[in-house]
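Let's take a walk through a protein chain together. Keep the sequence and the 3D view side by side, and stop to find each residue as we reach it.

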Amino acid sequence: MKSLFAVLLVGGSILPAAAHAQSLDGDWAAAMNTPGGTINFGIAFKLKGDTVTGTVHRSAGDVPLYGTIKGDTVTFGYTVQYNGHDLNLTMTAKLVRDSLKGTVDFDGQGEDQFWAARVKPTPGAPPVRRESPPPPRSRRDRVLRQRNASLLSLGPEAGTACRVM
């Protein structure tokens, strides 16, 4: 009886970690909202224990990611170059089956939506970088994002003198 209890106790503590590894490891198609519009990118996650590592596949080049998983909450970050400066992006999302949904923090300067979906592998096919389609947008949202992108292209000083509707 004691040995059965010990097996159940040990097995119960190992299974949750194994479930995370099965549900997070692999390739994901991701997207996030930014002031300049939706950005699509790929993510290759690797999980060892509660430590998340991997690669973010961006059109501007691949960058490493680092983070953790606790329960169903995944937190990871990476650094990109923006206007000649390092910009730290941190994603916090809930893992539900083959999807992630949460927020992206832009180095403490703002926050917006982040989401991702697992890329289903095709047997025998090489790994493919896939980007997720942008979420449906209304005409008003598209116009506002275009205006914001225009302000960003003028530089940070332009946004202080202009009112965005």
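The mean pLDDT of the chain is 77, with 61% of the residues at 70 or more. Where should you be careful? One stretch is residues 4–21, where pLDDT stays under 50 and the model has six contacts beyond four places in sequence. Another is residues 152–165, again with pLDDT under 50, and here the model has nine contacts beyond four places in sequence. Where pLDDT is low, the predicted coordinates should not be read in detail.

Now for the layout. How many helices and strands does the chain have? There are three helices and eight strands. Of the 165 residues in the chain, 30% are buried. The accessible surface comes to about 10700 Å², and carbon and sulfur atoms hold 60% of that area. If you take the contacts with a separation of 6 or more, 36% of them link residues 24 or more positions apart.

Let's look at how some strands line up. Strands β1 and β2 run antiparallel and are joined by nine bridges. A hairpin of two residues leads from β1 to β2. The hairpin between β2 and β3 has two residues between the strands, and G49 in the turn has a positive phi of about 65°.

Next, look for the largest nonpolar core, which has 27 residues. Which of them touch the most other members? They are L24, Y78, L100 and F114. Each of the strands from β1 (26–34) through β2 (37–48), β3 (51–58), β4 (61–70), β5 (73–82), β6 (85–96) and β7 (99–106) to β8 (111–118) supplies at least two residues of this core. Strand β6 gives the largest share, five residues. Pick out Y78 and look at what surrounds this residue: beyond its neighbours within four places in sequence, its contacts include M32, F41, V56, L65, L87 and M91. R58 and N88 are also among the contacts of Y78.

Is T34 buried or exposed? Its relative accessible area is 9%, and the cut-off for buried is under 20%, so T34 counts as buried. The side chain of T34 reaches the backbone oxygen of G37 at a distance of 2.6 Å.

Then turn to Q113, which sits in strand β8. Its relative accessibility is 43%, so Q113 counts as partly exposed: that class lies between the 20% and 50% limits. Leaving aside neighbours within four places in sequence, Q113 is in contact with A31, M32, N33, G102, T103 and V104. With N33 there is a polar contact from side chain to side chain, at 3.0 Å. Finally, find K101: this residue is 12 residues from Q113 in sequence, and their C-alpha atoms are 7.8 Å apart in space.

Notes:
Residues are numbered from 1 along each chain as its sequence is written. This is a predicted model: local features need pLDDT of at least 70, side-chain atom pairs count only at pLDDT 80 or more; totals for chains, interfaces and linings use all residues. Side-chain values use heavy atoms; hydrogens and water are left out. A nonpolar core is a set of buried Ala, Val, Leu, Ile, Met, Phe, Trp, Tyr and Cys residues joined through side-chain atoms within 4.5 Å. Buried means under 20% relative accessible area, exposed over 50%, partly exposed in between (1.4 Å probe, protein chains only). Helices (H or I, at least four residues) and strands (E, at least two) are DSSP runs, numbered from the N terminus. Contact means heavy atoms within 4.5 Å. Two strands pair if DSSP finds at least two bridges between them. pLDDT is the predictor's confidence in each residue, from 0 to 100. Accessible areas come from the Shrake-Rupley method with a 1.4 Å probe; for residues, only the protein chains shown count as cover. A polar contact is a pair of N or O atoms within 3.5 Å; within protein, one must be able to donate a hydrogen and the other to accept it, and residues adjacent in sequence count only if both atoms are side-chain atoms.
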